[in-house]
Structure formats: structure tokens, C-alpha cells
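Subject: Handover of a structure and notes on it

Dear colleague,

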Protein chains: 2
Amino acid sequence: MAGMTDAQVAGLRERKKQRTRWALVDAALDLFLAKGYEATTIDEIVAAVDVSQRTFFRYFAGKEDIALSLLTGYDTLFIAALAERPPGEPPVVALRASLDVSLDAIRESDDADTARFRKLHRLIDGTPSVAAGQLRRFAETEQAAARILARRAGVDEVTDPRPHLVVAAFMSVVRVAYETCVRDEITEPAEVVPRVRGLVALAAETLPGAWSAVP
Amino acid sequence: MAGMTDAQVAGLRERKKQRTRWALVDAALDLFLAKGYEATTIDEIVAAVDVSQRTFFRYFAGKEDIALSLLTGYDTLFIAALAERPPGEPPVVALRASLDVSLDAIRESDDADTARFRKLHRLIDGTPSVAAGQLRRFAETEQAAARILARRAGVDEVTDPRPHLVVAAFMSVVRVAYETCVRDEITEPAEVVPRVRGLVALAAETLPGAWSAVP
DNA sequence: AAAGTTATGGCAGCTACTGACAAATGACAA
DNA sequence: TTGTCATTTGTCAGTAGCTGCCATAACTTT
């Protein structure tokens, strides 16, 4: 795959939109890293790409949105993969397999997306409002995943919270894994991916014992 | 306890500050519920209490902050309780005991705080930006709790992520519990508290099996 | 009662964000 | 090619969140 961000074949109009979209993202990430997230204004971003401010807000909901826009593709991939896992499979197995799909996508991204991934990880480190945006993304993905697992298991997600509990615990482990990467300034996809896998594996051996330990 | 929000004995100045602070909170919550969170402006809140907008921002960082300000006290209580648990205790036991402390505080709050609690729960339901603020609060509490558990266990929190994993999973269960309350419009502390305890107990029996199920 | 400390108010200003309308630009068919 | 249609873009005007600055008012202390 050449990354999920390019619009293979399409009309001139669509290609042009994608170009300005990613031009805005790249300009924003560069400015954020150069002079700080809060200190960067929308006006500076749109000036670098030479579009109007109004156009910016037609593409993105705000600064936080453009900063994290790279990751929405991987989230979508994760959810799509989860929806196609065989129904008989245990929840955690399905979640780990779907996570592997999105991690593979991160590792096999093209150069442009890899560069954006690195920049984003450097940005999140030391920018609380972007980190807060991350939390929102994880929560949305969690919601979608819980719905899928509940349907798979054939239970009503309103009366039975167990699918949601499993997904929440799983996603929180993934989140902690990414957070340790940010903290240790591990920005390379080739290093991030195995670390996330490793922490999920560690959680799988650690957490069951931690919960049941009631002396 | 008469709630953690009143300033027992103190100078006139301090008492006055607490009064305007909670007057602002109550005015804000009422306005948010009456005409919607986004539709309520800071100007309307300060007009109801008759202070200047500038003063508002000396008390609160913004709308999100004032909406969730009631809960910061309970968070502080949770962290303080966790810090005083005996060091030999297993992490999850310490976390559950500390959670009980903050849940007891919620149930034994005075009438004013109970009313605020109810309003806040009604507000979060259907107000995404306030719900997002909740996520940030939980993340901050998680950070603090992880640090305490790491010190207790005598491990370096940088090299050993296990304390953080346990706390993250635990806090995510608590968060899901609150979310189900909001979804089911359970606003009464007397109903919220047992439900949170129940979901934590359910997680304790469900999650270990879910993680280890690797056929 | 005076001096010192701290909270408040008023203002000026910046930035994020939105609605409405007009101009430009790509899409498509005759 | 040209004319028509749909969509995108720019401009403008306005609202609201938020901050720094300085003078004034209010409590505190001696």
C-alpha cells in the first residue's frame, strides 16, 4: 500500500483538494515544530500554503484537528479490521489482530506519511492540548470498537457493559504504549510499532494477575 | 464531612472568594442546563453573579474548567487516599480502596455539592466538549496515580511501565462506569456510587479471563 | 488609623471560529 | 469549443474566548 492518504485515481478537482489538504498539514506540522503549537496562528499556516483562512476551516475543524489528522486514517483501518474478524474469536484476540493491521499500515506507509508520523510524535511531546486531542480520538475509537464487539457477541451494549470494559482496558494499554514512545522520544515507526506490540503482550501477562490478586 | 468545597474557618477575604467561586459555578451549571453549554457565553455567567469577565478568568481557565470544577476535589481525595495506602498492598487493592474513599465523599456530600453533581451529570450527557474535558481529568489522575504506585513498588516508572498499565486499565473501567451512568441518565449519587463499585467488581471477574483467553 | 497586600474592574487587543454572498474553477454534455 | 451546472474558494463582517496592563477598591496587619 502506498499509504492511505493519497487519492489514487480521481478527477482533477479531487486531486487538487488532496494536495492542498496535505500541504496544509505539512505546513502546520512544520510551523508547530518550528515555533511551538500555541504560538502558531492559523493565519501563518494558510499564508504558507496561500489559501484563505476560510478554506482552512472547510478542511479542518481547528488546530487540534489538523495536528492529528494523520492518525484518523489508521483509526479507520483499525475499526474496519475489527469489523471483519470472525465472530467466534475471543474479543482480545480480535482486538490484537486489528491493532496489528493498523500497526502494519503505519510501518508500511510511504515516505511522506512516515515523515508526518515522526513530526507528530515530536509535537505531542510537550504540547498538552494536542495530547488531549489524542485522548478524544482514543475515546471515539473505543466507542466504535465496543459497539462492534457487542454486536459480535450478540449482547445488548446497553444492558451488558462487558464488551465496553474489555475495549476500554485494551485501548488504555495501547494509549499508554504510545505515551511511553512520546515520553522517550521514540518517533520512528520502525521502533514505535514493536514497542506497542511489546507493551500489549506485557499487559496480557501482567493484568490478569493484577486484577485477581485479592489476598 | 460537610463536603470538600467549603472553607471551614478562614479570613473574610477567603470566605468571600469561595462564595463568588461557587456562585459562578452554580450560575454556570444552571445556564448550561437551561440554554445549552455552547450557547451559554461567559458574559451571561458573570452577569448572573455580577462580577467582571476578567474576574471569571482569574477563577477558572474557561468554560470547560468551570463545568468540571466540582470533580477536582474528589480527584484530589482519590490521589491523597492512594498515597496513604500501606506499601505492601497489591496495586489493584489499593486503587479500589482509594476509589471507595472518593465514592464515599460523593455520597456524603452536602446538599449543595449533591445538587451540583446531579446537574453536572445531566450536562455531560449530550455535551461532547465537557465529556472531552472529563477524559483530560481522568488522564491527569491516571498520571498521578501511576507515579504513586511506581514509587510504592520501588520501581522506576520510566523503565517499568507495569504500574502505568495497571492504573490505566483500572481508570478506564471507572470511566466506563461513569459513562454508563451518564448514558442511562443516572444522576443521583446514591445510585451512581453503587453502580461504579459494581462495574469495578464486574471488571475484576471479567477482565483476567478476557486477557488470558488465547486459544 | 496608616501602610501593605491582594482581589477586582475596565480596557485594549489578539486569535479561533462561523455565516452569508459573490467570484472562480473544474465537470460534463451538446 | 462552448455553454451550463455543481463545487470550491475568497472576502467580509461579526461573535466569543482569552490575556496583559494598570488603576482602584477591598481586606489585613501593625
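The notes below take up the numbering, the DNA strands, the aromatic rings and one loop.

This is a predicted model, in which local features need pLDDT of at least 70 and side-chain atom pairs count only at pLDDT 80 or more, while totals for chains, interfaces and linings use all residues. Residues are numbered from 1 along each chain as its sequence is written, chains are lettered from A and ligands numbered from 1 in the order in which they are written, and side-chain values use heavy atoms, with hydrogens and water left out.

Of the atoms of DNA strand C that come within 4 Å of the protein, 57% belong to sugar and phosphate. The surface near DNA strand C has five nonpolar, seven polar and ten charged residues, where Ala, Val, Leu, Ile, Met, Phe, Trp, Tyr, Cys and Pro count as nonpolar, Asp, Glu, Lys and Arg as charged, and the others, Gly among them, as polar.

Polar contacts are pairs of N or O atoms within 3.5 Å; within protein, one must be able to donate a hydrogen and the other to accept it, and residues adjacent in sequence count only if both atoms are side-chain atoms. On DNA strand C, a base oxygen is 2.9 Å from an N or O atom in the side chain of Arg54(A), and a phosphate oxygen is 3.0 Å from a polar backbone atom of Ser52(B). On DNA strand D, a phosphate oxygen lies 2.9 Å from a polar backbone atom of Ser52(A), and a phosphate oxygen lies 2.9 Å from an N or O atom in the side chain of Tyr59(A).

Over all chains there are twelve aromatic pairs, meaning rings of Phe, Tyr and Trp (its six-membered ring) with centres within 6.5 Å, called stacked with planes under 30 degrees apart, edge-to-face over 60 and tilted otherwise. Phe56(B) and Phe57(B) have ring centres 5.1 Å apart and planes at 80°, so this pair is edge-to-face. Tyr59(B) and Phe60(B) form a tilted pair, at 6.4 Å centre to centre and 35° between the planes. Phe56(B) is buried at 0% relative accessible area, whereas Phe57(B) is partly exposed at 37% (buried means under 20%, exposed over 50%, and partly exposed in between, with a 1.4 Å probe and protein chains only).

Lastly, Thr127(B) sits in the loop between helix 6 (111-124) and helix 7 (128-153) of chain B. Thr127(B) is buried, with a relative accessible area of 10%, and a polar atom of its side chain lies 2.7 Å from the backbone oxygen of Leu123(B).

Note on methods:
Near = heavy atom within 4 Å. Helix = DSSP H or I, 4+ residues; strand = E, 2+ residues; numbered from the N terminus.
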